[in-house]
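Look over the model first, then read the points by topic.

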Amino acid sequence: MESKVKLLDNSTCEELTDCILSISWNSGVLGAVCYDMSTMEITIVQEIIDTRPDFMYLNNLLRQVCPSYLLINGTTTFTSEVLKFLDLPENFNYNTMRKQKNKPTRSNIQISPIDSRKSVIAKTRLSQLKLPGMPSDTSESSRLLYLSSIIPLNQSLVVYSFYTLLEYLEANFKKTFCEDSLIITNINTCQLKNQLMIDLSSLYGLQIFSSNPNQNLNEHKNKCNLFNVLNQCISSIGSNALKELVMSPTRDLKEIRVRQNTVEWCMMTKNFETVKKIRHHLRKIKNTSLLCKRIIYNMGKAHDIQLLKMSILNAYLICEECAKCCAADPEIENTIIKCLAEFTTESRTIKGVLFSLDKIVDLIVSKKENRFVVKTGLDLDLDRKKELLNSVKSSIYEPEQIKKLNLPNFVTDFYLVYMEGVGFVILVETEHANSDMFSNSSTNEPLDIIFRKDHRIYFKTSYCKELTSKYGNLYGEICCHEKRIFDRMVKYLIHTLPELIAVNKMCAKLDCLIGFASVAIQRQYVKPVMVNHKCLFIEQGRHPLIEIINNFKANDTNMNDTFPITILSASNASGKSVYMKQVALIAFMAHIGSFVPANNAKIGILDTIFTRIHCPESIHLDESSYFSDLKQMSFILMSATCNSLVLIDEFGKGTNVKEGQALLAACIENIANRKKGSSLAIISTHFHEIFKLINNSEKIILKTFKSITDEFGYRSLYELIEGYSSPKFSVYNETYNLFGKLLASSQTLRILDLDITYDMILATRLGFVLSLLYKFKQTKQLEINEIFNLFQEAKLARYNQSINF
């Protein structure tokens, strides 16, 4: 299976999310832990069986996370096979330091075997972590009890991955630690078995994404793909949350129903006004964990604190709107609306965080001084120090004190500023003043020019030095005092971050679901019924992308345990591939909680979607397209289960007809005759003899597309019916396309003694042309008079409809 995963280099880490992924594999079991350095969140991937050589779950995990740094713990065989998934240059040295932009950078990949000695001390190291929400001053047994409720300590590979992640961070990223403990804002737990697996080639082939899904979201704009159609989000956090939903469709029936119920609530006419208010607040919400990281590392920049306060406030206003709706309609259950309403209760801390930020931070002064400034009235001792410093500053502007400054005559307006490490200085703003004017001024004492920036000049006089010696320490004391208050505020924020992040993520998900509702209203989508048994019933299903551009012929689908396999036989350009993609996209949309383009739908929970539609580029692997097809088919047969959806489009056409028929027949029998049940499968083919080769056809239903043959020739009506197509239509269509390509390369084609041109083809009834060419292909002998008479008759039957070769 071709599914390369690109490892982000350090040049793109600043633009995208910096993630460190630590994976451990042993005896067919995979465990992993991921640390997002931009949000300081930990994601734990619980242990799951993942066998070689394809490592389906690991491949999917690498694609979802797209880590900047990868830590691989396992055997040499496992390591070598994992490296095949990564798009690395041949001479890549993963365990050495590399230089980039004249700066040493950490190794992107670190490889090490699992050390049993480290496994023993891993739990002890984890017990020393200060996790969000963990009570302070607790005993070791209580800490382990709390830790086990968040981290699965019984899963040795998860614990080992966590430990190697801590070692790597401690060695390379010291600033991620505070008081010898890793800064963690939130811990998430992920179970890969609860996700619908879909490989990279299927994401491209089904046009869920048009390009690499881990690229910047702006790269996907103005491209025809499912993500772009569903992305009606009003906020940046909503768009990012939508990408996560699309990258990891869920198999959790409860979660799917919560999303569907929320979309249904947003589509109700009586809720339009409330949805409008919610979208107004969503526009102002930013990434809470990212803002908290900036505040911690940048010592509380006023802009970041203001954005955090605005985000929390608007999130709380959304919660209040949801609470009003729940109070008016007590029957609202199993929706995001109900979950958000619970954050307004007294037990929640979101209102306390808003009150604390408003009480502590003086945003106006913080912006002016470009540092963290505490509001007056919070700390009396700090207020007294500030009053004394302000009295000194204000006294400077009195006439008697101005004389002591001994300023040049041309200075009429000035400011007294305290600069850390320099002391009190005079700031003069003038476009005409320069350093020479100050050095040649008529003052009684020389002026000490500190520096000049734009039209501002900073200088000191002897009186400034006197003020610095007398009151300079006071400013330092104020800064230290405010730093202590800032540290306490940060600890409080880190303690409340799990709840703040939960609200933020809930609002982002609500933004996605409101977008789903908007699309459903515009495109007349319906709510699919999701069930736990094998079923794929779609009434009048439509392709979600093609129907936007053209009028689309809707078709039905009915697959279950009785008839799980459908074989499509029809000529080229009749709609086979579009129909197959349509079924897969509808099933995929149902698993992310979206409504679907159909009149009615009942869909069973799937575990995987496999496609052999899109053939990935294989030149760099020195593989033929046929060999690539064989590898894809092999992977499907090994990995598909009774709950998989399999789409196979014209497999076996890369070799001779007899071998291709035999291979496809064997694959169909393998899928149909499995002991645990056959997969749901749609298979298209031009091999009309294949039905004679399949032994067990009880589970197979044959379908084709309705077509007609008139004076214009063979035409597909794109209507799916039971049965199979006549072989002659495929031969005619194949010959016709071949003939068109030959004419495209040269203006005339000579058959016997007659020159046939494009004009003659366009003037000829298509049925005659196909008959002529088919007969010529079979016998290679035709009377010249017969050909001439056919074309003479065709000239009398010109038609206006153009034919696209």
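This is a predicted model: local features need pLDDT of at least 70, side-chain atom pairs count only at pLDDT 80 or more; totals for chains, interfaces and linings use all residues.

Residues are numbered from 1 along each chain as its sequence is written, and side-chain values use heavy atoms, with hydrogens and water left out.

**Helix α10**
- Helix α10 covers residues 253-267 and has 15 residues. (Helices are DSSP runs of H or I, at least four residues; strands are runs of E, at least two; both are numbered from the N terminus.)
- From first C-alpha to last, α10 reaches 21 Å, close to the 21 Å expected. (The expected span is 1.5 Å times one less than the number of residues.)
- In α10, 11 of the 15 residues are buried. (Buried means under 20% relative accessible area, exposed over 50%, partly exposed in between, with a 1.4 Å probe and protein chains only.)
- Among the buried residues of α10 are L253, I256, R259 and W265.
- D252 caps the N-terminal end of α10, with a side-chain oxygen 3.1 Å from the backbone nitrogen of K254.

**Helix α22**
- The end C-alpha atoms of α22 (residues 576-591) are 23 Å apart, which agrees with the 22 Å that its 16 residues should span.
- Because 14 of its 16 residues are buried, α22 is largely enclosed by the rest of the structure.
- G593 follows α22 and has a positive phi, near 95 degrees.

**Residue F162**
- F162 sits in helix α6 (residues 156-172).
- F162 is buried, at a relative accessible area of 0%.
- I42 is 120 residues from F162 along the chain, yet their C-alpha atoms are separated by 9.4 Å.

**Second largest pocket**
- The second largest pocket holds about 1300 Å³ of space.
- Its lining has 41 residues, and K368, E369, R371, Y418 and Y475 lie nearest its centre. (A pocket is an open set of points on a 1 Å grid over the protein atoms alone, where a 1.4 Å probe fits, with protein on both sides within 12 Å along at least five of seven lines; lining residues have an atom within 4 Å of a point.)
- Elements that each supply at least two lining residues include α16 (363-369), β12 (415-419) and α20 (462-523).
- The lining of this pocket divides into 19 nonpolar, 5 polar and 17 charged residues.

**Annotated stretch**
- An unreviewed UniProt entry annotates residues 644-660 as "domain: DNA mismatch repair proteins mutS family".
- Over residues 644-660 the chain is 24% helix and 35% strand, with end C-alpha atoms 24 Å apart.

Key:
A polar contact is a pair of N or O atoms within 3.5 Å; within protein, one must be able to donate a hydrogen and the other to accept it, and residues adjacent in sequence count only if both atoms are side-chain atoms. UniProt positions are given in the numbering used here, feature names are shortened, and annotations may be inferred rather than shown by experiment. Grid points are joined across faces, edges and corners, and a volume is the space filled by probe spheres set on the points. Ala, Val, Leu, Ile, Met, Phe, Trp, Tyr, Cys and Pro count as nonpolar, Asp, Glu, Lys and Arg as charged, and the others, Gly among them, as polar.
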